[in-house]
Amino acid sequence: MSPEQIVAIIIFVAMFVLIVIDKIERHYVTLGCGVLTIIMFFVFSQLGYGAFSETMNVRSIIKDQFWIVTGHASESVTGINWATIIFIAGMMIMVEGMAHSGFFRWLCLKLAKLVHYKPIPLFVAFMIMSSILAMFIDSITVILFLAAVTVELARLLKIDPVPMILSEIFCANLGGSATMCGDPPNIIIGTSMHYTFFDFITNTGLIALISLVLIIFYFFWIFRKKLIEEEHMTIDTSTIPEPSEAIVNKRDFVFSSIIFGLAVVLLITHSMTGLTVATIGIGIAILTLIVAGKNALTILKKVDYKTLLFFIGLFIVVGGLEKTKVLEVMANGIGHISGGNPYIVITIVLWLSAIASAFVDNIPFAATMVPVIIGLASGVHAPTAVQKDYRHVLAWTLSMGTDVGGSATPIGASANVVGTSVAAKHGYMIGWGKYCKSAVPATVIVILVSMGVIFIRYNREITEVINSIAK
């Protein structure tokens, strides 16, 4: 192993450890490690300015293909994935605009009223709503508002909000796995490998849908005793505010709803229009700020810039691993352990992603693994078309592993941290024991479903790889 590879690995491991310890804000950690990676390019290796320039990837922004796809796009992005950062920034602005108008609180109260505030229908409805919202909005934002409204309703209805919050967190992560814009790992995978919203919804979306049905039954079963007891309680609905009371500004509410609908349409059709997610993110952000008028500055101030900086530093560190060929070594290692058998490779990628994401942030793990799965597919001695199909299968495998695996523990995904924090803030403590008791079995169920669906649905692609290796 070369000196620059050792340095790149040390920086990467240090970043992961510091993120897990959580004593320093994570954007400072990734930016600091990113600076060390840049220094490594010029001091500890012969990579120099070329590696630095490719890792910063600023030139990609001025290319036409970055904004509008007019032809065949390359399969991967090297260095900082600016499309991911711009898209997330745009969606953050849109979500802040929606929150400012009272959209999320209105939606929760409206749904609660539709099910007549009955605990069991409310429990199921909020799980489904959490999944659906997380398909289009970052799961962190979904849980931030959903958990707060859940606590508010629970106090008014005199029920325990913890089962609902636990199930909402899991369903938000599961729903996020269904689309390209649902979870940050999917945004990274999608923009790096040039997938569309439709690509995700027809692949990981199917797995998420099957899993959601099972998970609803699972969470109802483990909390059935408490839910049945609450179902027979007398509910005083006179103290519950009307959904209309949640609307802060009717004009902003209507416009933010229209903008959200437009964002969904653009994301679904962007493979046909040629508009990239970066273009959609910028457009939606500009519309939101125009509608906000004098409140535009307030919305901009609420954007989570720390997360955007976190991404920038993260991509630089991963770029260091890529340029020093550490990721190539990882891919070769997995290939060697599996003997090239695609069934074993898929199993390793799925379970490794799930287990790792349960204990470390799934965002850096996904960013690290994208070049690895590309290397695994490219390393197969097979026709280009077979390699491409295999790469797609590994991408869906990585997506499900990172998105769902992060649900297993309170620190596995940002949505988990936010949900348990909101509950604790209102006096409902959710420790590791209580959290993992329900979440770990649910995670195992979804991972097993994912593995089964992948093996069955992509049997032809897997068989082609096996046949190519045999030749």
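Is Lys113 buried, partly exposed or exposed? Lys113 turns out to be partly exposed, with a relative accessible area of 37%. Keep in mind that this is a predicted model.

**Charged pairs**

Lys113 has a partner: its side chain meets that of Glu242 in a salt bridge, 2.7 Å from N to O. This pair links distant parts of the chain, with Glu242 in the loop between helix H12 (224-231) and helix H13 (250-273) and Lys113 in helix H6 (residues 103-114), 129 residues apart. Glu242 counts as partly exposed too, at 34% relative accessibility. In general, side chains of opposite charge can pair when their charged atoms come close.

A search of the whole structure turns up 8 salt bridges. Here are three of them:

| Pair | Closest N and O atoms | Separation in sequence |
|---|---|---|
| Glu25 and Lys306 | 2.7 Å | 281 residues |
| Glu54 and Lys323 | 2.2 Å | 269 residues |

Glu54 counts as partly exposed, at 43% relative accessibility.

**Around helix H23**

Salt bridges can also form a network, as they do for Arg460, Glu461 and Glu464. The backbone oxygen of Glu464 lies 2.9 Å from a polar atom of the Ser468 side chain. Ser468 is part of helix H23 (residues 459-470) and is buried, with a relative accessible area of 14%. Setting aside neighbours within four places in sequence, Ser468 touches His381, Ala382, Pro383 and Val386.

**The nonpolar core**

Now for the inside. The largest nonpolar core has 164 residues, and those with the most contacts inside it are Met94, Phe126, Ile137, Ile215 and Phe219. Helix H5 (residues 82-101) supplies the largest share of this core, 13 residues. Beyond its neighbours within four places in sequence, Ile137 is in contact with Val95, Met98, Phe104, Val142, Gly182 and Phe260.

Asn57 lies in the loop between helix H3 (48-56) and helix H4 (64-67), and Lys158 in the loop between helix H8 (139-157) and helix H9 (162-176). Asn57 is buried at 15%, whereas Lys158 is exposed at 65%.

Definitions and conventions: Residues numbered from 1 in each chain as written. Predicted model: local features only at pLDDT ≥ 70, side-chain atom pairs only at ≥ 80, totals over all residues. Heavy atoms only, no water. Core = buried A, V, L, I, M, F, W, Y, C linked by side-chain atoms within 4.5 Å. Buried < 20%, exposed > 50% of the residue type's maximum accessible area, 1.4 Å probe, protein only. Helix = DSSP H or I, 4+ residues; strand = E, 2+ residues; numbered from the N terminus. Contact = heavy atoms within 4.5 Å. Polar contact = N/O pair within 3.5 Å; in protein donor to acceptor, adjacent residues only side chain to side chain. Salt bridge = Lys/Arg side-chain N within 4 Å of Asp/Glu carboxyl O.
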